[in-house]
Amino acid sequence: MNKASASEPHTPSALRALGARVGAAARPWLDVLYPPGCARCGDRIRAEDVLCPPCMADMVPYPVTAQSSEEHLAALRFRAAATMMSVGFEFEIDGSVSACIHTMKYRGMHRVARWLGRLIGEQLAGSDVLRGAPALVPVPLHAVKRIERGFNQAEEICHGIARETGLPVVADAVRRVRYTQSQAAMKLHVEERKTNVSNAFTINPRYIDVVRDRPVLLVDDLITTGATMSECASALREQGVRDVRYAAVARPPG
Ligand SMILES: [Zn+2]
């Protein structure tokens, strides 16, 4: 995933991150001084894009069908009675999708998350995954990690999906009450992953009534074993949510 300097756009990341924060007013100046680069190959791109056209063409979308939903669920180690699941794109090491996720998470570019969310929203529009107008609920970060990163990428992805579909985002419905180590950073085995996030989530009482009577689409950037999603789903089901679905941008090999 760490693709050395060849994949780094020519832009100092701190300045890019600053550009994302200062908003539209300052961005044209930053674009003149530091033209935006493709998140994967670094080629010049338009300011509103994330990938250049060839890297974008390399993204391989999964179909959004009942059969692929079953296949995605069957591939999870933990599924906690999720009723449906969609995955946006095939995951390739050093591919376009992993470059976007790396740029979003580790270089603090929350606009990449929204952009990915819009792609997912376009894929899901009109599909069974959105039947019954589910509430979009991001897998939460612990408050400490949220402050460190400055944003929750899953929440930004939700806002991108919402922009394409008009569905409501209930950002604070699920809370992470225990600080858990990053599953990826710890290189945990499957069972350890489950223990690491067990009882880490609770439902915010303010939003129980909002999510109880409608389907919930849990959203995250990556889903591997399903341990994190299934803990969130269990917390929702304990509060009476009957129809919990999963959506992820990509599913790396677990
Ligand atoms: Zn490119």
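Reader: How do I read the packing of helix H6 and H8: within how many Å do their axes come, and at roughly what angle do they cross?

Author: General idea to start with: two packed helices are described by the angle between their axes and the distance between the axes. Here, the axes of helix H6 (residues 110–124) and H8 come within 6 Å and cross at roughly 45°. That makes H6 oblique to H8; angles under 35 degrees count as roughly parallel, over 145 as roughly antiparallel, 65 to 115 as roughly perpendicular and the rest as oblique. The axes are lines fitted to C-alpha atoms, for helices over the stretch in contact, with angles running from 0 to 180 degrees between N-to-C directions. Keep in mind that this is a predicted model, where local features need pLDDT of at least 70, side-chain atom pairs count only at pLDDT 80 or more, and totals for chains, interfaces and linings use all residues. Residues are numbered from 1 along each chain as its sequence is written.

Reader: Which hand does the crossing of H6 and H8 have, left or right?

Author: The crossing is right-handed. A crossing gets that label if the near helix is turned clockwise from the far one, and is left-handed if the turn is anticlockwise by less than a right angle.

Reader: Which residues of H6 meet H8?

Author: On the H6 side they include His110, Trp115, Ile120 and Leu124, and on the H8 side they include Gln153, Ile157, Ile161 and Thr165. Two residues are in contact if their C-beta atoms, placed from the backbone, lie within 7 Å.

Reader: On to the sheet. What is the order of its strands?

Author: Strands of a sheet pair through backbone hydrogen bonds, either parallel or antiparallel. This open sheet has 4 strands in the order S1-S6-S5-S2, with parallel pairing. Strand S1 (84–89) and strand S2 (135–138) stand at the edges with a single partner strand each, so one side of each lacks a neighbour in the sheet. The twist averages 25° from one strand to the next. As for terms, strands (E, at least two residues) and helices (H or I, at least four) are DSSP runs, numbered from the N terminus, and two strands pair if DSSP finds at least two bridges between them.

Reader: How many bridges join S5 to S6?

Author: There are 6 bridges, and the two strands run parallel. Leu218 stands opposite Tyr246 in S6. The chain gets from S5 to S6 through helix H12 (residues 227–238), a right-handed β-α-β crossover; that hand applies if, with the strands pointing away from the viewer, the path from the first strand over the helix to the second runs clockwise. S1 and S6 pair in the parallel sense over 5 bridges, with Val87 opposite Ala248.

Reader: Which way do the residues of S2 point?

Author: In a regular strand the side chains alternate between the two faces of the sheet. In S2, Ala135 and Val137 point one way, Leu136 and Pro138 the other, and all are buried. Buried means 20 or more other C-beta atoms within 10 Å of the residue's own, exposed means 12 or fewer, and partly exposed is in between, with C-beta atoms placed from the backbone.

Reader: How many residues of S6 and of helix H5 are buried?

Author: For S6 the count is 7 of the 7 residues, so the strand is largely enclosed by the rest of the structure. Helix H5 (residues 96–106) has 8 of its 11 residues buried, so it too is largely enclosed. Among the buried ones are Val97, Cys100, Ile101 and Met104, and their cover includes S1, H6, H8, S5 and S6.

Reader: Last one: where is Asp94, and what is its phi near?

Author: Most residues other than glycine have a negative phi, and most peptide bonds are trans. Asp94 has a positive phi near 65° and sits in the loop between S1 and H5. With 13 other C-beta atoms within 10 Å, Asp94 is partly exposed. Ala133 also has a positive phi, near 50°, and lies in the loop between H6 and S2. Ala133 counts as exposed, with 12 C-beta neighbours inside 10 Å.
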